[in-house]
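Colleague: I would like to go through the labels on this model. For each one, tell me what stands behind it.

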Amino acid sequence: MAGRINDDDVKAVREALPIDAVVSEYLSLRNAGGGNLKGLCPFHDEKSPSFQVSPSKGLFHCFGCQEGGDTIAFVMKIDHLTFAETVERLAAQAGITLRYEEGGYNPSTQRGERTRLVEAHKAAADFYIQQLESPEAEIGRKFLAERGFDQTAAAHFGVGYSPAGWDHLTRYLRGKGFSDKELLLSGLAQESRRSPIDRFRGRLMWPIRDIGGEVVGFGARKLRDDDNGPKYLNTPETPIYKKSQVLYGIDLAKKDIAKSSRAVVVEGYTDVMACHLAGVTTAIATCGTAFGGDHIKILRRLLMDNGSARVIFTFDGDAAGQKAALRAFEDDQKFAAETYIAIAPDNMDPCDLRLAKGDEAVADLTQPRTPLFEFALRQIIARYDLETPGGRAAALDEAGPVVARIKNSASQHEVAVQLAGMLGILDTQFVVKRIAQLARWAKDRGGRGPSSGPESRRQQNYPSGPAAPVVSGPALNLRSPVHRTERELLKLALQRPDLVSPAFDAYGADEFTAPPYAAVRQTIEEAGGAELGAQAPADYLATVRECAIDDQVRAMVTELAVEALHAKSIDEVYAGVQLVQVRLRAVDRRILEVQGSLARLGGHGDPAHLAAVQNELWVLQQYAQSLRNHGAAAL
């Protein structure tokens with residue numbers, strides 16, 4: 001039995017590592033007021049942060065699941081360690097030498113299982129790095145060089161080489177005091193007829209680290225034609241390595257992901273390296289498995305998941321990449337973040353793109369462009385002939401259930417509207433109602449229906465007429481990512497009309513897709529517009545509230561007038577971005593409608609009418625391109 005750790009040493013460990021520094025290794029923390037910090041709880045799934053850390057008290061507590069305690073309790077819980085294993089790990093980080101009581105402690109045999117396996121992986125990583133300099137590893141160094149990675153890059157990512165012999169690593173780790181049982185349990189060795197042999201032989205080695213930075217597994221790339229194994233071979237499932245719960249590069253990317261609320265998901269180890277070297281330091285990759293729910297949980301905690309967060313997937317454009325995109329879209333609704341997909345020219349991955357076109361091309365690739373839902377739906381409907389009624393109906397039959405799985409009702413409604421445009425079905429409400437019906441059927445069969453939270457339950461019964469065009473469909477979540485920009489622009493029009501006037505006053509109520517927001521826009525117009533606010537700010541809000549058609553609209557005006565704007569710097573540039581995004585979305589919606597009209601007309605309509613529709617489409621497309629290229633200057 002291991003000796004008991006000295007009480008004074010345990011106290012020293014607690015005091016040496018601030019709890020906020022330790023917790024920040026696993027999730028993003030922000031100011032909660034009163035000297036406390038808050039974040040999304042890592043111990044249960046939540047959409048708004050109820051997990052708080054008190055640096056002055058050295059404690060954490062979640063008001064959602066009631067988990068709480070000190071630094072040691074946090075690490076024990078999140079990494080599933082024993083008390084002794086946790087203290088040993090934290091002591092190593094703090095540079096504290098522990099003393100053990102009750103005599104006879106032998107760290108080589110009495111440390112906890114997880115600690116021993118992590119130590120074996122660290123020793124293996126060091127061994128592989130040393131071997132990369134050997135003459136035998138020339139083939140590995142050449143592989144890296146051909147992909148644009150020099151010695152500095154290899155060292156930064158800890159890339160190594162496993163010798164081609166049977167038991168080089170096994171013998172090395174035995175010499176470090178590790179038993180055959182530990183080597184087999186770690187996945188670094190495997191059984192043979194006589195004794196354990198190395199699992200990885202003659203391959204380039206990438207260490208896979210957990211979010212805390214500890215090596216828990218390896219990814220190994222085949223280098224020789226006579227290697228009959230798979231192209232990539234990963235560590236098997238072990239007590240410390242679960243492929244569905246690790247992300248390659250997360251240890252390097254986590255701080256920038258938390259800082260920027262942005263993550264880039266690529267497909268391979270070399271793609272992560274290429275992105276980071278190109279300045280995209282938020283890139284991560286899965287390890288031999290599809291991107292799934294456990295990966296999402298890791299990212300959500302770092303992103304402080306909200307409507308301003310961005311997740312960009314860089315799947316290949318081939319059939320496998322399209323399939324991966326569809327799988328990712330199935331989990332898309334688990335994010336509050338907006339998700340996008342980026343595909344390089346000629347279907348190159350980031351590593352190949354960097355070689356061909358340089359770092360700037362990689363950085364440009366990872367800019368958010370195509371929403372993931374749009375890409376996924378276009379992959380489905382591309383298989384059908386949308387020029388025929390039967391083709392459109394068949395495409396709706398396949399794409400509809402995919403949209404119906406979206407649990408957030410506002411997002412489901414928005415995507416349904418866009419699906420109608422993609423299909424060229426002019427009767428948008430038919431598509432919306434069809435998808436709502438599919439969602440109800442799925443719920444009746446035992447599936448979970450749309451979110452029933454207080455925001456999504458709040459069905460707004462705004463009056464019809466010019467003040468507020470009514471859109472039928474599921475209840476609106478007015479704080480969803482879909483409506484975030486509209487909300488922000490209205491807040492600017494009420495709080496800082498000087499920044500959006502006079503451009504805002506040219507916007508129609510139909511440019512606001514949420515009926516409550518359209519009602520507020522109409523109310524501002526009836527009060528004299530944002531220009532009035534810029535000229536007479538003292539009486540502006542009172543005038544707008546007096547012009548509200550009823551108490552509901554008046555309450556919405558008040559809410560938007562007092563809610564904080566989502567930017568540290570509120571200036572003309574920020575206001576211009578909101579103006580452009582709202583206008584661009586409206587133009588894009590109209591483009592989809594016109595494209596639907598053309599699809600319905602085909603080549604059989606009246607030539608004059610067809611030419612007019614085509615001309616309108618051309619004008620809209622030119623305007624949309626101008627908005628994208630020139631921003632607010634194009635308004």
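Modeller: Start with burial. Buried means under 20% relative accessible area, exposed means over 50%, and partly exposed lies in between. Keep in mind that the model is predicted.

Colleague: Why is Glu 593 called partly exposed?

Modeller: Its relative accessibility is 42%. That value lies between 20% and 50%, so Glu 593 counts as partly exposed. Arg 590 has a relative accessible area of 34%, so it is partly exposed too.

Colleague: What makes Arg 590 and Glu 593 a salt bridge?

Modeller: The cut-off is 4 Å between a side-chain nitrogen of Lys or Arg and a carboxyl oxygen of Asp or Glu. The closest N and O atoms of Arg 590 and Glu 593 are 2.9 Å apart, so the pair qualifies. Both residues sit in helix α28, three residues apart, which is about one helical turn.

Colleague: Is Lys 254 buried or exposed?

Modeller: Buried. Its relative accessibility is 6%, and the cut-off is under 20%. Glu 25 has 26%, so it is partly exposed.

Colleague: Why are Arg 583 and Glu 511 both called buried?

Modeller: Arg 583 has a relative accessible area of 12%. Glu 511 has 10%. Both values are under 20%, so both residues are buried. Their side chains meet in a salt bridge at 2.7 Å, N to O. The pair links distant parts of the chain, with Arg 583 in helix α28 and Glu 511 in the loop between α23 and α24, 72 residues apart.

Colleague: How many salt bridges does a search of the whole structure find?

Modeller: The search finds 29.

Colleague: Now helix α7. What makes its buried residues line one face?

Modeller: The buried residues are Gly 140, Phe 143 and Leu 144. Seen down the axis of α7, they fall within an arc of 95°, so they line one face of the helix. They pack against α8, β11 and β12.

Colleague: And what share of the chain is buried?

Modeller: Buried residues make up 50% of the 635 residues.

Conventions
Residues are numbered from 1 along each chain as its sequence is written. This is a predicted model: local features need pLDDT of at least 70, side-chain atom pairs count only at pLDDT 80 or more; totals for chains, interfaces and linings use all residues. Side-chain values use heavy atoms; hydrogens and water are left out. Buried means under 20% relative accessible area, exposed over 50%, partly exposed in between (1.4 Å probe, protein chains only). Helices (H or I, at least four residues) and strands (E, at least two) are DSSP runs, numbered from the N terminus. The arc is that of the directions from the helix axis to the C-beta atoms. Contact means heavy atoms within 4.5 Å.
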